[in-house]
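Student: I would like to go through this model with you, contact by contact. Can we start once it is on screen?

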Amino acid sequence: MSEQSGQELYERIPSRIFDDAQAAVCQIAREIADAIRERQAAGKGLVLGLATGSTPVPLYRELIRMHRKEGLSFAKVTTFNLDEYFGIDARHPESYHRFMREQLFDHVDIPAEQINIPEGMVSREEVFEACQDYENRIREVGGIDIQILGIGRTGHIGFNEPGSGPASRTRLVTLDRLTRLDAARDFQGEHNVPRYAVTMGVGTILDARKVYLLAWGRSKAEVVKAAVEDAPVESLPASFLQQHEDVSFFLDTAAASELTRNKYPWLVGFPEWTPELARKSVTHLSLKLGKPLLKLVDKDYQENGVSELVTEQGPAYGLNIRVFNEVQHTITGWPGGKPDADDTYRPERAKPSLKRVLVLSPEPQDDVLAMAGTLSRLVAHGHEVTVAYLTSGSLGVPDEEARWAADLMREAGGSELATQVLAELDEKSAFDEDSVGLRRFKSYIRRNEARAALQLCGLEPDRIQFLDLPFYENGRYRRFVTGEDDVSELSSLLQSVRPHQVYVTGEAADPSSVQAKSFSVFELAIQKLQSEAWIKDCYVWLYRSDGREWDIHQVEMSVPCSPDEVKRKAQAIYQHRSQRSQIPVLDEEQREVWEQAIDRNRATARFYDKLGLAEYEAIECFVRWHVTQDSAGK
Ligand code: F6R
């Protein structure tokens, strides 16, 4: 079986994988530019189908750059957007009309009359006709030449939620719960997210001559895999793209990580059996068969597609023991290193026995979600722990919370800021963004929550820093742009602490997220400090706060939590009250954030138990990022 045919066996949609989103969008932008120029040379125009959301933002930036620097003209381009929220005015900050103006149209030379976006403000009575009119307009210009798509976690394309068939056309649809949850931050709470939208149908999309679907970040990995490899079903509308003759997926490595060629490379060819891949394959086999590592036999390997590994590195028992020991050695109750112990097989160094530890949290709460147990241990073991919040998190505070706090302050004697906040909230319309004062007030709420949470981890308030990085203060969700001032603030902090250990997150997150932006600032800050002596002695530990844990074979440090530590962790997360659901969750299916975090740590502990290692209540996991490696990171 050649590598190519093995891959094709699984993948029903051609998928192109890039190191990062930027590399992918450069390629797509070049292809779009070539198509525009080719048509232009023949005196014709090009029809583009466009998407909104965070995914295409870097593509639009690249097209704007090409317009400015390379003379790419949009004068003969006609565009059709996929969708718009129903009942949302074009001026609303979250309307797709406004998004497209801000992200693309205001910066290129496209004539206004060549822009088409479904209308969100028509009445229920008129909407059917408006949708038909949209379809007619597409037909009149000769159809869409290139359609750009993102993909939602429900598997939607456009707003074709699960249940949308391949023949569906432009229409009014009800948004899925998960889609509304994903938009909740942008709308400051799920209850503000529209329930309906107007969207091109799956059939409308399939009529485009060429389709490019873009996906970045780990949160898209499962849905991408299902769309590319599983049979087409209405419960995952993106899977109908398999029926298209000219479709390509453009993915970054994180979004492609669940594809069989990456997840189980031994099933598509003959991989190089590195220790990490062997660990992956053996732990996977153990969990799949429900057999502890040390009970796997040669036959198990042979019958499950990994006979090559056991032939090369077997017999099974030796391989089992090697992997068992590797996993066992990741477990430590001493995340800062165990003083005076032999550290040959420990994740952290014994010396210095008391370390300077810097925990970087992109927004308040990332830290405790992922590592409240580890943090408490570091403090209890006497290390000099500093927690720094990179951004204020003010955008994540719903107006209701600000009103609650400001009301309380007014009752207690008042303050000028509280009075201003209440006045602003009274007058605020759906189109208004928060003033600087309101954002400041909201950031105080998050500061207090963060302090309360860290107090439960044993940390004194003077060990907490709030950096309020400018990229966040000057930006909006999904549209942050980092700069030199962010990097220099973080590098000054690093330089002043000179940590032996740094904990940080965001390396595989959606590139538009606060976590990913924060990580890119961190990478640049580290690069800047590369020649500092302390950096050579600094271990960087990556944590995950986004609800997706590392795979077991990747983990390099696992810190168990006792039942009491788990309780304390739940309490610490619970202190972030502005981040709790604003409406009580009565649905068994939907767990609150703190419950999800604990569930995840308990699930990790169960994995270790199933592998035949010790049975703990819960486990927090970390992977080492090597400071001296290139900036691509791990
Ligand atoms: C946007 C659209 C949606 C998004 C999808 C992914 O016009 O139709 O299908 O592409 O929800 O959203 P992001 O890119 O924000 O993850």
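Student: Which residues does Leu494 touch, not counting residues up to four places away in sequence?
Tutor: Contact means heavy atoms within 4.5 Å. This is a predicted model, where local features need pLDDT of at least 70, side-chain atom pairs count only at pLDDT 80 or more, and totals for chains, interfaces and linings use all residues. Residues are numbered from 1 along each chain as its sequence is written, and side-chain values use heavy atoms, with hydrogens and water left out. On that basis Leu494 touches Leu358, Pro499, Val502, Phe522, Ala525, Ile526, Leu529 and Trp534.

Student: Which members of the largest nonpolar core touch the most other members?
Tutor: A nonpolar core is a set of buried Ala, Val, Leu, Ile, Met, Phe, Trp, Tyr and Cys residues joined through side-chain atoms within 4.5 Å. Buried means under 20% relative accessible area, exposed over 50%, partly exposed in between (1.4 Å probe, protein chains only). The largest such core has 60 residues, and those touching the most other members are Tyr301, Leu360, Leu490, Leu494, Val502 and Phe522.

Student: Which helix gives the most to this core?
Tutor: Helices (H or I, at least four residues) and strands (E, at least two) are DSSP runs, numbered from the N terminus. With 7 residues, the top contributor is helix α20 (residues 514–529).

Student: Which parts of the chain does the pair of Tyr96 and Phe159 tie together?
Tutor: Rings of Phe, Tyr and Trp (its six-membered ring) pair if their centres lie within 6.5 Å; planes under 30 degrees apart count as stacked, over 60 as edge-to-face and the rest as tilted. The whole structure has 19 aromatic pairs. Tyr96 and Phe159 are stacked, at 6.0 Å centre to centre and 20° between the planes. Their positions are 63 residues apart in sequence, so the pair ties together helix α4 (residues 96–103) and the loop between β6 (146–149) and β7 (171–174).

Student: Are Tyr96 and Phe159 buried or exposed? And which residues form a cluster through ring pairs?
Tutor: Tyr96 and Phe159 are both buried. Ring pairs link them into a cluster of Tyr85, Tyr96, Phe159 and Phe187.

Student: Which strands hold Tyr389 and Phe466?
Tutor: These two rings are stacked, with 5.5 Å centre to centre and 20° between the planes. Both residues are buried. The pair links parts 77 residues apart: Tyr389 is in strand β12 (residues 384–389) and Phe466 in strand β13 (residues 464–466).

Student: Which ring does Arg577 lie over, and at what distance from the ring centre?
Tutor: A charge sits over a ring if NZ of Lys or CZ of Arg is within 6 Å of the ring centre and within 35 degrees of the ring normal. Arg577 lies over the face of Trp404, at 4.0 Å.

Student: Which residues is Thr374 in contact with, leaving aside neighbours within four places in sequence?
Tutor: Thr374 is found in helix α14 (residues 366–380). It is buried, with a relative accessible area of 0%. Its contacts are Pro335, Tyr503, Val559, Glu620 and Phe622.
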